[in-house]
Amino acid sequence: MENHSGLTCPFCQSVMKKGFIQSGTRLAWVPKVSKLSAEPSLTKGSVLLSEQSRFSINHVDAFLCESCKKVVIDYEGNEQEQ
Ligand SMILES: [Zn+2]
């Protein structure tokens, strides 16, 4: 483990780059892709990552690992309770 303030990749232990995922629609992790709408539907088991807002740019904090091409998203406080 390296002593950096950033997140360490859980797969390869490299230091991950902090940034954001930005989207024109809301962002959600879904157990199943909806074929009815381009926007993710918030069904049971879905996790809303970032709600679309008229007043701010829709984004969520994300950490990027450039060596194994993975992204880790922190969704604390955004979990759906359904
Ligand atoms: Zn990695």
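Predicted model: local features only at pLDDT ≥ 70, side-chain atom pairs only at ≥ 80, totals over all residues.
## A three-stranded open sheet

Three strands form an open sheet in the order E1-E4-E5, with antiparallel pairing. Its edge strands, E1 (17-22) and E5 (70-73), each pair on one side only. From one strand to the next, the twist averages 40 degrees. Strands are DSSP runs of E, at least two residues long, numbered from the N terminus. Two strands pair if DSSP finds at least two bridges between them.

Residues are numbered from 1 along each chain as its sequence is written.

| E1 | 17-22 |
| E5 | 70-73 |

The chain has five strands and zero helices. Cys65 has Lys70 of E5 as its bridge partner.

Ile73 lies in strand E5. Ile73 counts as partly exposed because it has 16 C-beta neighbours inside 10 Å. The cut-offs are 20 or more other C-beta atoms within 10 Å for buried, 12 or fewer for exposed, and in between for partly exposed, with C-beta atoms placed from the backbone. Buried residues make up 10% of the 82 residues in the chain.

Leaving out residues up to four places away in sequence, Ile73 touches Ile21, Leu49, Val60 and Ala62. Contact requires C-beta atoms, placed from the backbone, within 7 Å. Ile73 and Phe20 are 53 residues apart in sequence, yet 8.5 Å apart in space, C-alpha to C-alpha.

Terms used. Helix = DSSP H or I, 4+ residues; strand = E, 2+ residues; numbered from the N terminus. Axes fitted to C-alpha atoms, helices over the stretch in contact; angles between N-to-C directions. Contact = placed C-beta atoms within 7 Å.
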